[in-house]
Amino acid sequence: MLKKLSFAFVVTCLTSLTALAHPVSYKDGYGIMPEYTPDRQEIELNYSVTSNYAIGVYLVDASYKGSDATYIIPRFNYKLYRKNELESQTNLYVSGGAGTVDYKGEDDLAGFAMFRADYETRRIYTLLSGQTLQSSGESDINALRYRAGFAPYLAGFNDLNTWLIAQVEYLPESEDEWVVTPLVRLFYSNYLVEIGSSTKGDLFFAGIFHF
Amino acid sequence: MKTKNKINALIIAAILAMTPSSLFAEEITVTVKGMVCSFCAQGIKKAFGSKEEVDNINVDLDNKLVAITTKNAGSLNDETVTQIVNDAGYDVVKIERK
């Protein structure tokens, strides 16, 4: 299973390099969102049926108490709230799903739920998200993430956009419960990539490809 | 006289046939709310770009404008334009044509 996930991750990276944060994009739009840290690799694949909801699958391979837990979860994403203003956008998304987890050679049922709230202008960006992966076995994984960032220059529609972002995560099941990661986000056209390093030196890589 | 009229009609028809289609083009300028990120606004470009009636699209994030050039005037009505923008997740403030 790990090999399959790794393959999907590598293929996605090669074809797109991707986590803004929107599990729902535009009507008939597809989104591929991989994310990598040494302790956790994941990829979201979503199809937006409308601009209000999307269906997809969520693949996660995470280190949990010394073993790998691999989740495969079909998911439903819903845009619960959006406020469009001329100079800003505010969003609240919720997602949920049910699938399986492979942990220590045992297959268990797994459930997933998350929320993701963000506010952005052309200059500033902030996000709060929380998620839980629950299983009928041992491996329950929770995460809370906060981000704040700014754009050092205003980029046009056809320019390379650059953002500098500080990310703080609370990972109660991890050895390091609090992880702080400064990162750089670059995007151009429908390609977005984020690269950073945690204060402990761990690589963070994420991206999004919309098509 | 009848022959002369026929020739004139033929000349006019030939001129119309040779007239560049751009003469019939229309520019629609849409002011859009929520368009603060070029990555997210790609959906607007993609949606208008998939329309056969559309010749060109320009997105201006500074002024929150989407300028659509159509091949023929009147081929995209306001309702369709609004629907496309809404399907991309944004709101229309106003639509201007010239």
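Tutor: Strand 1 and strand 3 of chain B pair in the antiparallel sense, over six bridges. Strands here are DSSP E runs of at least two residues, helices are H or I runs of at least four, and both are numbered from the N terminus. Two strands count as paired if DSSP finds at least two bridges between them. Such pairing runs through backbone hydrogen bonds, either parallel or antiparallel.

This is a predicted model: local features need pLDDT of at least 70, side-chain atom pairs count only at pLDDT 80 or more, and totals for chains, interfaces and linings use all residues. Residues are numbered from 1 along each chain as its sequence is written, chains are lettered from A and ligands numbered from 1 in the order written, and side-chain values use heavy atoms, leaving out hydrogens and water.

Stay with strand 3 of chain B, residues 65-70. Strands 2 and 3 of chain B form a hairpin, with four residues between them. In that turn, B:Lys64 has a positive phi of about 60 degrees. Five of the six residues of strand 3 of chain B are buried, so this strand is largely enclosed by the rest of the structure. Buried means under 20% relative accessible area, exposed over 50%, and partly exposed in between, with a 1.4 Å probe and protein chains only.

Now helix 3 of chain B, residues 78-87. Its buried residues are B:Val81, B:Ile84 and B:Val85. Seen down the axis of helix 3 of chain B, they fall within an arc of 95 degrees (taken from the directions from the axis to the C-beta atoms), so they line one face of the helix. An α-helix has 3.6 residues a turn, so residues three or four places apart point the same way. The buried residues of helix 3 of chain B pack against strand 1 (26-33), helix 2 (42-49) and strand 4 (91-97) of chain B. Contact here means heavy atoms within 4.5 Å. After helix 3 of chain B comes B:Gly89, with a positive phi near 100 degrees.
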